[in-house]
Amino acid sequence: MTSNEHSSHEEDARVPRRVIGTPAAGTAVLGDSPPQPPVEDPAVVYPDLAAARRAERLVALLFLVTFLSGVAFIASYVIFQVGTVDSTAASNLALGTSLTLALLSLAAGIVLWVRRIMPKYTLVQERHPMVSAPDTQEYVADTFVAGANESGFVRHKLLRRTLLLAAAPLGLAPLILLKDLGPLPGTSLRHTVWKKGLRLTVEGTGAPIRAADFNSPGGILSVVPQGYEHDLNALAKATLILIKFRSDQLKAGTNQNWTHDGIVAYSKICTHVGCPAALYEQTTHHILCPCHQSTFDATDGAKVIFGPAARPLPQLPIGVDSEGYLIAEADFDVPVGPSFWERGDAEAEAREAREKAS
Amino acid sequence: MTTLKEPALTETPKLIAGPASYLDDRLGAGSFLKRNLRKVFPDHWSFLLGEIALYSFIILLLTGTFLTFWFKPGMGHVEYQGPYEQLRGVMMSEAYASTLKISFEVRGGLLMRQMHHWAALLFVAGMTVHMLRVFFTGAYRKPRELNWIIGVLLLTLALAEGLTGYSLPDDLLSGAGLRITEGVAISLPLVGTYLTFFLFGGEYPGEDVIARFYSLHILLIPGILLALISAHMILMWVQKHTQMPGTGRNNTNVVGAPFYPAFMAKAGAYFLFTFTAIAALGTFAQINPIWLFGPYTPADISAGSQPDFYMGFLEGALRLMPAWEINFLGYTLPLSVLIPALVPMGIIMTGLALYPFIEQWVTGDRREHHIADRPRNNPHRTSIGMAAVVFYGLLWLLGANDEISAFFHIDLYHTTIFGRFAVFLGPALAYVVTYRICMGLQRKDAEVMSHGVESGVIKRMPNGQYIEVHVPPAEDIADHLRGKARLPILPGEADIEGIPPKGARSILGKARAVLSKKYGTEHVPLEEEGGHGHAAIGSGEDKH
């Protein structure tokens with residue numbers, strides 16, 4: 001594996017030759033020859049005998065602590081049951097403390113053993129350059145060339161080329177197999193489940209919202225489409241924030257036709273990387289995304305006033321149904337959430353479409 | 001004083017000799033052991049940093065295997081009926097429900113979960129400081145460039161392993177991380193939408209991603225990690241560890257303790273210490289209490305959501321970036337996501353991977369190096385490293401700018417604006433400061449070698465003057481200082497006839513010669529004491 005100072009391989013007579021039929025006893029790889037009497041080696045300095053004895057007692061004590069802690073660990077497993085928060089905390093503490101103590105005293109014991117009982121070493125080994133000897137290199141190069149020629153890979157062109165040709169589709173096969181990991185995006189990113197008539201409901205309770213009852217000036221409500229409360233795919237795009245303003249508070253950025261009695265609905269999904277923009281500051285009407293602090297002005301079409309988001313939160317056209325509950329008037333006219341390559345300037349396209357229609 | 005004990009063992013015990021012979025008969029293990037049992041390992045505290053990462057990885061495998069026995073990587077909705085009151089009756093994914101089960105219904109489950117998470121943090125932290133040690137001591141130089149690249153791959157994979165791991169419990173916090181991952185992936189030009197649809201099995205979040213992350217997290221990435229870590233260890237073993245300069249140490253030897261028995265036992269103890277630290281953290285320091293966060297829903301988030309520390313620099317980059325987005329020909333290039341997600345990581349990882357080769361190109365140094373540099377002795381390298389550390393550190397710090405803002409009552413936007421400038425100015429400042437410190441330390445070393453160290457003895461001269469006697473530095477310290485090697489410089493000077501040497505005629509060649517001179521010249525030569533007639537600092541005198 002490596003070469004160092006014992007590199008003369010000829011001397012590697014590991015095991016004396018064994019006569020067939022005789023027992024292998026005494027041919028241990030670790031050697032059975034009587035050990036050499038210890039010689040004073042300046043590279044191996046033993047500690048004082050008495051100090052080593054003292055250290056041994058300390059190490060033994062530490063190993064004993066490990067034994068007891070190990071027993072305590074097993075006992076804790078049996079004694080402490082889990083289930084409630086409190087009992088789990090007690091079990092965790094008992095198991096963890098005994099395990100920690102067992103490991104710590106074992107580690108400390110071994111370190112003391114190495115430092116106080118084993119000798120101090122300053123052994124020296126030679127390094128050799130990693131490069132192999134020139135004759136080895138030459139031999140390998142010659143063998144490679146000889147082998148390549150013997151194989152006929154160089155001479156037989158047709159063999160070589162068809163082999164490469166054969167490998168190409170097989171190399172592609174694993175990639176092809178990955179295709180069914182998911183459907184193609186299509187236009188799915190451009191739509192949400194919102195459609196005309198779908199009721200807005202309060203996230204969490206699922207209660208529909210009567211426009212006349214929603215009167216929390218300065219408040220913010222997290223809203224999901226009715227019937228999709230547990231559909232995470234739908235929620236990942238369709239979740240809204242609902243804010244009520246006095247009509248004089250709204251600025252040009254907000255599409256007034258899409259509001260109802262000062263109630264505005266914006267997508268809650270941040271246009272940066274898709275976190276829910278869940279924080280609202282009443283005094284400034286700022287919507288803040290807690291992930292990367294993109295800040296949107298709720299009075300002005302949720303336009304970006306700070307942070308890395310590049311686009312406003314899309315506004316959803318809302319109205320009320322015959323019973324006075326808030327409903328969507330249509331889907332968003334631009335894709336919600338983070339930007340993607342095929343998105344393009346959807347806002348400009350939507351604007352043009354609106355102008356053409358009016 | 002008795003120093004040698006009587007050997008207690010006169011021959012290999014039968015219990016060991018028997019199996020050993022059996023193995024040797026079949027594997028020839030003897031010749032391997034003959035060469036390696038007494039392999040010498042040099043000693044320095046900083047050589048232990050990488051071991052923290054290694055042992056954390058072993059603990060990750062152990063605790064992680066335990067967790068797989070109960071974890072269910074499913075996104076199907078179930079109603080929680082477990083013992084945790086506050087969530088009873090709540091709809092959640094199987095993944096989240098099974099993580100709650102591990103935490104509250106499996107004895108030792110919470111301990112193993114917390115240890116697994118702490119070990120993951122220690123794994124990445126250990127790798128990072130180990131990498132800094134290798135960088136600042138130049139231990140990546142020939143012949144160790146390949147092992148350095150394996151190390152960079154390991155670090156990158158560890159980030160991916162961490163990301164796939166902490167997404168698995170499917171709690172509200174991990175879901176936020178997953179959502180950001182999706183937002184980043186979908187921003188990639190041309191392939192982004194396809195990539196996310198393939199990853200999530202359709203639209204985000206879908207019902208597949210946890211199971212897919214699970215197989216990546218417990219099989220594919222750890223498998224590659226294990227293979228690369230083994231390769232890392234084998235190369236370290238074959239090439240032998242670098243050593244710090246010191247008495248009797250040179251570029252063609254290794255001085256230290258033998259693998260058997262001393263290093264082996266020490267390494268075992270160190271593994272146990274790492275295990276102890278992780279067990280103690282898992283016991284006493286709560287981490288990722290997922291039951292407090294609730295199940296994931298894309299509609300909610302809690303303020304102050306933070307990723308694990310090793311993702312912090314990407315989070316900071318995302319926060320600092322101005323809102324740049326380009327629309328052209330019906331396509332969108334979301335630079336405000338692409339740049340922070342790819343550029344800092346690209347700079348750091350590519351820079352790390354290429355540094356040994358760039359340095360070799362600049363210095364023209366193709367020799368093998370086995371003596372570690374003291375960071376001060378290669379001031380430009382150290383300064384570049386510190387600039388990178390500050391760049392990373394600022395991004396990391398500003399990944400928590402909301403916490404900083406709340407804690408120190410600083411305007412949130414001011415922290416962002418500060419960060420936008422600081423990520424450029426900070427590294428430049430760090431470069432200059434580090435460089436000055438390195439040069440100062442080099443001069444200090446030169447002074448110690450030429451004038452000795454203050455002895456604390458005040459001597460009155462015949463003329464009434466008081467001087468402090470300087471003595472030569474202790475021999476081991478002097479040898480440590482003498483380990484300083486001159487940095488090679490490529491020939492770039494024009495000869496007498498004004499013709500530059502062959503390699504320095506092209507524009508690239510000229511730039512290379514200039515860089516080489518800059519990189520190599522900044523060097524305060526050591527002069528051994530005596531014979532130079534310099535006055536010692538503090539009007540002392542050289543004493544022999």
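A:D261 counts as exposed, at 55% relative accessibility, where exposed means over 50% relative accessible area, buried means under 20%, and partly exposed is in between (1.4 Å probe, protein chains only). A:D261 forms a salt bridge with A:K244, a salt bridge being a side-chain nitrogen of Lys or Arg within 4 Å of a carboxyl oxygen of Asp or Glu. The pair links distant parts of the chain, 17 residues apart: A:D261 sits in the loop between β6 (240-244) and β7 (263-267) of chain A, and A:K244 in strand β6 of chain A. A:K244 counts as buried, at 13% relative accessibility.

A word on how to read all this: the model is predicted, local features need pLDDT of at least 70, side-chain atom pairs count only at pLDDT 80 or more, and totals for chains, interfaces and linings use all residues. Residues are numbered from 1 along each chain as its sequence is written, chains are lettered from A and ligands numbered from 1 in the order in which they are written, and side-chain values use heavy atoms, with hydrogens and water left out. Helices (H or I, at least four residues) and strands (E, at least two) are DSSP runs, numbered from the N terminus.

**Salt bridges**

Side chains of opposite charge can pair when their charged atoms come close. Over all chains, the structure holds 30 salt bridges, and here are three of them.

| Pair | N to O distance |
|---|---|
| A:K237 and B:E203 | 2.5 Å |
| A:D261 and A:K244 | 3.3 Å |
| A:R311 and A:E347 | 3.9 Å |

What does the pair of A:K237 and B:E203 join? A:K237 lies in helix α5 (residues 232-238) of chain A and B:E203 in the loop between α8 (192-200) and α9 (209-239) of chain B, so the pair joins two chains. A:K237 is buried, with a relative accessible area of 10%.

The side chains of A:R311 and A:E347 also meet in a salt bridge. These two are 36 residues apart, with A:R311 in the loop between β11 (303-306) and β12 (315-316) of chain A and A:E347 in helix α6 (residues 346-357) of chain A. A:R311 is buried at 5% relative accessibility, and A:E347 is buried at 17%. Both belong to a network of salt bridges that links A:R311, A:R343, A:E347 and B:E325.

**Around chain A**

Chain A is divided into domain 1 (39-128) and domain 2 (191-357), with bounds from an automatic or database domain assignment. The C-alpha centres of these two domains of chain A lie 61 Å apart.

A:I327 lies in strand β14 (residues 326-328) of chain A. A:I327 is buried, with a relative accessible area of 7%. How far apart in space are A:I327 and A:G197, which are 130 residues apart in sequence? Their C-alpha atoms are 5.3 Å apart.

A:F80 is found in the loop between α1 (49-79) and α2 (85-117) of chain A. A:F80 is partly exposed, with a relative accessible area of 31%.

**A helix in chain B**

Helix α7 (residues 172-186) of chain B has 15 residues and reaches 21 Å from its first C-alpha to its last, close to the 21 Å expected at 1.5 Å a residue; the expected span is 1.5 Å times one less than the number of residues. Is α7(B) enclosed or open? Of its 15 residues, 12 are buried, so α7(B) is largely enclosed by the rest of the structure. Among the buried residues are B:L172, B:R179 and B:I186.
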